[in-house]
Amino acid sequence: MKKQALFHLLLVPAVILPFLLTNSCSTTKSLAAFDVDYTFHKVYFSYSASSSLKDLPEITLYTGKLTINMDSILTANHVPSGLIASAYLTKLSMTIYDPPAATFNWLQSVRMVGSIDSTFKTTTDFGSATGIDPASKQINMVLNKVDLKPILLKNSYWLKILATPSGQVPPASASMYLE
């Protein structure tokens, strides 16, 4: 019986050790990787249109500082920050809710960029939307697969929403949110 137990004790390292030695760190890391879902709070903002809007090649709809406490999110999910290899957006949309009848007929395209500071000297492109349906009240972004971990670990970052006008006249003022 003791010989059988000893055999099993020796068999486990004999099988596991070659696996660890022949596989790369990235393989081992990918086996330990998992997703942590987190839904950010809505970001509300307003845009007031100017009469020269349709003559501009690109307009800024929103610029603001967003704060996130990544440590709290990780702690709530029982995940040490050292295990997070990368972070990605999985869904991002912009919705116009006021005036109630307003749509995005005045936008041709939208893009969102982030930065670790307010100067936006270096930016990260989060995503964009082109060919916007003029009757739409919501724009779903096509997201870039960009690792956001360096930005999110700063506890705050800056977001800018840029748009290309379509030539249509926008509402005088529009209230929107990101989700």
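Guide: What follows is a chat about strands, the core, charged pairs, rings and some single residues.

Guide: This is a predicted model, where local features need pLDDT of at least 70, side-chain atom pairs count only at pLDDT 80 or more, and totals for chains, interfaces and linings use all residues. Residues are numbered from 1 along each chain as its sequence is written, and side-chain values use heavy atoms, with hydrogens and water left out.

Visitor: OK, the sheet. What order do the strands come in?

Guide: An open sheet of 5 strands runs β2-β8-β4-β5-β7, with antiparallel pairing. Strands here are DSSP runs of E with at least two residues, helices are runs of H or I with at least four, and both are numbered from the N terminus. Two strands pair if DSSP finds at least two bridges between them.

Visitor: And which strands stand at the edges?

Guide: β2 (59–67) and β7 (142–143) do; each has a single partner strand, so one side of each is left without a neighbour in the sheet.

Visitor: How many bridges join β2 to β8?

Guide: There are 8, and β2 and β8 (residues 156–165) run antiparallel.

Visitor: Now the core. Which residues touch the most other members?

Guide: Leu 61, Met 94, Trp 106 and Leu 107, in the largest nonpolar core, which has 34 residues. Elements giving two or more residues to this core are β1 (43–48), β2, β3, β4, β5, α4 (149–152), β8 and β9 (173–178). A nonpolar core is a set of buried Ala, Val, Leu, Ile, Met, Phe, Trp, Tyr and Cys residues joined through side-chain atoms within 4.5 Å. Buried means under 20% relative accessible area, exposed is over 50%, and partly exposed is in between (1.4 Å probe, protein chains only).

Visitor: What does Leu 61 touch?

Guide: Leaving out residues up to four places away in sequence, the contacts of Leu 61 include Met 94, Trp 106, Leu 107 and Ile 161. Contact means heavy atoms within 4.5 Å.

Visitor: Switching to charges: how many salt bridges?

Guide: The count is 2, taking a salt bridge as a side-chain nitrogen of Lys or Arg within 4 Å of a carboxyl oxygen of Asp or Glu. One of them joins Glu 179 and Lys 42 at 3.9 Å, N to O. Glu 179 is in the segment after β9 and Lys 42 in the loop between α2 (25–32) and β1, so this pair ties together parts 137 residues apart in sequence.

Visitor: And what does Arg 111 pair with?

Guide: Arg 111 forms a salt bridge with Glu 58, with the closest N and O atoms 3.0 Å apart. Arg 111 is in strand β4 and Glu 58 in the loop between β1 and β2, so the pair links parts 53 residues apart in sequence. Arg 111 is partly exposed at 32% relative accessibility, and Glu 58 is partly exposed at 36%.

Visitor: How many aromatic pairs turn up?

Guide: A search of the whole structure finds 7. Rings of Phe, Tyr and Trp (its six-membered ring) pair if their centres lie within 6.5 Å; planes under 30 degrees apart are stacked, over 60 edge-to-face, and the rest tilted. The rings of Phe 126 and Tyr 157 have centres 6.3 Å apart and planes at 80°, so that pair is edge-to-face. Phe 126 is in strand β5 and Tyr 157 in strand β8, 31 residues apart. Ring pairs also link Tyr 44, Tyr 97 and Tyr 177 into a cluster.

Visitor: Is Thr 95 buried or exposed?

Guide: Buried, at 10% relative accessible area. Thr 95 sits in strand β3 (residues 93–98), and its side chain makes a polar contact with the side chain of Gln 138 at 3.2 Å. A polar contact is a pair of N or O atoms within 3.5 Å; within protein, one must be able to donate a hydrogen and the other to accept it, and residues adjacent in sequence count only if both atoms are side-chain atoms.
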